[in-house]
Amino acid sequence: KYRFKSRSENQPLYFSVADIAYQDMLHHKEPQHIVLSGESYSGKSTNARLLIKHLCYLGDGNRGATGRVESSIKAILMMVNAGTPVNNDSTRCVLQYCLTFGKTGKMSGAVFNMYMLEKLRVATTDGTQHNFHIFYYFYDFINQQNQLKEYNLKADRNYRYLRVPPEVLPSKLKYRRDDPEGNVEKYKEFENILRDIDFNHKQLETVRKVLSAILNIGNIRFRQNGKFAEVENTDIVSRIAELLRVDEKKFMWSLTNFIMVKGGIAERRQYTTEEARDARDAVSSTLYSRLVDFIINRINMNMSFPRAVFGDTNAIIIHDMFGFECFNRNGLEQLMINTLNEQMQYHYNQRIFISEMLEMEAEDIDTINLNFYDNKTALDNLLTKPDGLFYIIDDASRSCQDQDLIMDRVSEKHSQFVKKHTATEISVAHYTGRIIYDTRAFTDINRDFVPPEMIETFRSSLDESIMLMFTNQLTKAGNLTMPFEAVQHKDETERKSYALNTLSAGCISQVNNLRTLAANFRFTCLTLLKMLSQNANLGVHFVRCIRADLEYKPRAFHSDVVQQQMKALGVLDTVIARQRGFSSRLPFEEFLRRYQFLAFDFDEPVEMTKDNCRLLFLRLKMEGWSLGKTKVFLRYYNDEFLSRLYELQVKKVIKVQSMMRALLARKRVKGGKVFKLGKKGQEHQDVAACKIQKAFRGFRDRVRLPPLVNEKSGQLNENTADFIRPFAKKWREKSIFQVLLHYRAARFQDFVNLSQQVHIYNQRMVAGLNKCTRAVPFERINMREVNSSQLGPLPVPIKKMPFRLDQIPFYDTQYMVDPANSISRQTFPNQLLMQHMEDDEPWDSPLQRNPSMTSCALTYNAYKKEQACQTNWDRMGESDNIYNQGFFRDPQQLRRNQMQMNMNAYNNAYNSYSTNYNSSNNQNWGVHRSGSRRNSLKGYAAPPPPPPPMPSSNYYRNNPNQQQRNYQQRSSYPSDPVRELQNMARNEGD
């Protein structure tokens with residue numbers, strides 16, 4: 001129904017979004033992004049799975065490719081999904097599904113990226129927060145298979161990390177924790193999926209042992225021994241060491257001791273009981289995070305071969321992330337989740353509203369005034385250095401302070417977006433409303449500190465996979481890197497590069513360079529914004545998921561809840577912007593390159609000019625378009641019409657090509673060419689015999705000489721090594737290998753000499769400037785002095801820029817002279833500088849524009865001391881802005897805030913307002929509507945609200961007084977939001 005159809009042919013559904021993204025990918029040859037957003041339990045993950053299912057249906061053709069992709073996603077979701085008080089199957093990370101396609105549109109595989117896994121959920125003490133699904137699947141499966149003793153587990157489910165209550169309370173949601181029988185089948189499916197993706201038995205056994213070890217770590221108890229802690233149940237430590245194959249003594253010592261380096265001297269310190277518990281929970285959380293990274297990297301590695309065989313020139317990336325959430329007690333995890341959603345909303349505003357207004361202004365198109373709520377100031381209060389909330393949390397964590405420092409710094413800011421609520425709580429104004437956060441555990445959670453001694457213990461594990469998890473470096477987002485095998489591709493020139501956690505992406509040591517959770521979070525947000533803002537032609541499709549009710553009833557609908565989400569997500573503002581604006585904006589060259597064959601002949605010369613763009617529109621008899629200085633501006637229906645016409649023409653071309661190929665094939669067959677044996681035939685036979693002999697010799701040698709390295713045991717085969725050794729020696733001696741080594745050494749020596757000269761010159765120049773430059777206060781300079789005896793001969797007056805040596809950055813080049821440094825570091829001396837600059841990069845740097853251009857965008861920041869940026873709902877008379885209203889979601893009771901109740905009954909509130917307004921100021925608004933937004937808000941009253949939904953009757957149309965009386969009688973009835981939205985959009989279009 002939705003396959004290769006336009007948007008207007010079907011109802012707006014996620015299938016249509018997937019179909020449009022697939023068509024745009026093939027049509028524009030650009031990667032397409034689909035971003036799903038909404039609050040928790042609004043259906044984002046479900047819609048993402050349905051999107052992927054439809055894309056697999058559209059890209060089906062390569063044997064087994066779509067099945068491997070869908071099964072891999074199932075396995076990943078089992079590891080990263082968990083139950084919350086609001087959602088029984090909530091995604092607790094940011095997932096990117098990068099589906100790859102070949103030139104013809106057939107799916108070849110996928111690349112999976114995971115960011116910001118909520119690993120603290122493993123060890124949380126909140127009983128309402130369930131653990132990840134895989135723990136319940138694993139334990140119930142092992143219990144059903146009677147294998148508990150093999151993995152050192154007990155028969156009862158009394159494990160601290162499972163958080164199973166003594167009595168299961170009745171709930172409207174069905175949680176995985178309460179379904180042991182279903183969990184058994186789920187874990188069987190999980191292991192079958194990993195086997196299908198080429199996980200061997202040894203790796204599957206490692207997964208089981210790590211999960212069992214994490215459950216046992218949660219049951220380690222500590223007792224007070226004087227001032228310090230000691231392990232109470234040492235038998236569990238022995239079982240954990242056996243599962244992870246680590247040294248038991250080192251592991252026991254690392255649980256209660258750590259080394260602190262102070263003044264260059266290493267000192268042994270012991271934990272208190274509370275510190276030992278925190279260290280134990282940090283170890284289990286980190287161990288699970290490394291396990292998930294290991295499995296996802298292994299999946300990407302095993303799926304790289306089919307991508308290389310079938311091609312991966314095209315891609316569709318689906319972004320599935322946490323939903324906006326609010327619990328009875330919100331911590332640092334909820335703050336990060338909601339801030340990420342806040343940043344995605346900012347990106348949505350920039351792409352939908354700001355970009356369009358800026359391009360229309362730059363291209364001399366009649367600018368329209370698009371109204372929306374700009375949340376940049378709220379994000380500045382959260383992410384800007386040095387006074388942003390996350391930087392304040394980092395400062396408190398590094399200085400070992402508690403929440404008092406956070407509360408004091410927040411109070412000093414006097415911001416309306418981040419306020420002090422109580423002695424230990426702060427309130428943050430998000431785009432959905434104001435939420436209260438408890439800061440008591442902010443600093444401890446943010447440190448995310450695992451003792452280096454424990455890391456070294458895991459690095460000495462005899463299990464190769466566990467050793468790799470704690471040996472390789474981490475990315476700046478905190479993900480594990482792994483060595484990826486190089487795969488020969490069909491066409492390297494046309495192959496796209498995808499974000500993989502290879503060893504080259506690792507830059508953070510697991511022992512030395514420790515990063516906080518806030519630092520990883522800021523880098524993740526910046527990475528997502530950069531990915532979605534790579535270029536202006538990048539296709540980004542938004543899916544706004546809306547939760548229909550709070551009571552978990554089938555087919556339930558609460559109008560006030562839906563209206564509040566539609567207002568927060570800017571749905572109505574987007575509808576108005578799409579009707580009045582230009583959704584597609586293409587340069588002349590790109591536009592003619594795509595669509596010139598629709599209106600011009602193949603032999604007709606076409607120059608990339610504005611006149612030819614206008615001629616194309618006239619020949620196709622299109623309306624609603626506009627031409628700027630360098631770009632073509634298209635309405636949403638123009639873009640759809642051109643895409644459909646393009647597709648029809650391409651199908652006709654393919655049909656003609658297939659018919660011509662069939663005709664030529666029939667002619668060749670009817671010609672009946674007979675190949676006679678002769679000298680030429682004898683030569684063909686000789687060539688065939690040589691090929692057969694060559695293949696047979698190769699087969700015989702491969703049987704005699706097995707592979708050099710055994711994949712299962714990892715041991716070297718001596719017979720094969722002895723056979724290869726003389727050939728390798730001869731190659732080293734006689735080939736160009738030695739010449740290349742000498743050439744590289746000579747060039748390296750030349751580079752060292754040049755670096756030494758640069759260093760000497762640099763030091764001499766800085767020393768001279770320091771010697772002759774003095775900082776003189778400006779007030780001590782007499783600008784009117786003309787006595788030549790004091791000033792000496794006056795030089796020719798020249799205008800100069802102010803010069804201060806301390807304002808010029810000085811880069812020490814001493815490290816360039818050191819020959820001990822690696823080649824890569826000397827070849828790219830700015831890498832360390834660039835890494836430091838990335839850490840200090842502003843959160844909105846991917847979306848920053850020229851200030852001269854942004855001055856025309858009159859958003860909230862242009863008049864922050866005045867009234868906040870108004871939306872269409874605000875113009876209807878809402879007294880309070882959305883960020884001043886509390887946001888609350890309680891699954892046990894339906895509680896609605898004041899703003900939601902006002903919105904539900906806004907017909908009563910605005911009836912008299914509309915009557916009084918129509919008589920006086922309606923004409924003035926129409927005259928000045930096209931002016932600047934500041935003037936429209938300051939000089940004139942707000943416009944009247946659109947008329948309410950009415951029956952389409954001629955009687956009402958011809959009798960406006962009767963229409964008004966009827967509306968007054970019906971205003972007490974609850975409004976239909978869908979019909980109301982349609983009428984409002986229709987009237988705005990008129």
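Entry 1. I sorted the lining of the largest cavity by class: 18 nonpolar, 10 polar and eight charged residues. Here Ala, Val, Leu, Ile, Met, Phe, Trp, Tyr, Cys and Pro count as nonpolar, Asp, Glu, Lys and Arg as charged, and the others, Gly among them, as polar. I note that this is a predicted model, in which local features need pLDDT of at least 70 and side-chain atom pairs pLDDT 80 or more, while totals for chains, interfaces and linings use all residues. Residues are numbered from 1 along each chain as its sequence is written, and side-chain values use heavy atoms, without hydrogens and water.

Entry 2. I found 13 cavities of 30 Å³ or more; a cavity is a set of points on a 1 Å grid over the protein atoms alone where a 1.4 Å probe fits but cannot get out, and lining residues have an atom within 4 Å of a point. The volume of the largest is about 590 Å³, taken as the space filled by probe spheres set on the points, which are joined across faces, edges and corners. Its lining comprises 36 residues, with K119, D448, G478, L517 and N520 nearest the centre. Two or more lining residues come from each of α9 (273–302), α11 (332–362), α15 (442–447) and α18 (517–532), helices being DSSP runs (H or I, at least four residues) and strands likewise (E, at least two), numbered from the N terminus.

Entry 3. I read in the unreviewed UniProt entry a "binding site" covering G38, E39, S40, Y41, S42, G43, K44 and S45. E39 sits in the loop between β1 (32–37) and α2 (44–58). E39 counts as buried because its relative accessibility is 7% (buried is under 20%, exposed over 50%, partly exposed in between; 1.4 Å probe, protein chains only).

Terms used:
On a 1 Å grid over the protein atoms alone, a cavity is a set of points where a 1.4 Å probe fits but cannot get out, and a pocket is an open set with protein on both sides within 12 Å along at least five of seven lines; lining residues have an atom within 4 Å of a point. UniProt positions are given in the numbering used here, feature names are shortened, and annotations may be inferred rather than shown by experiment.
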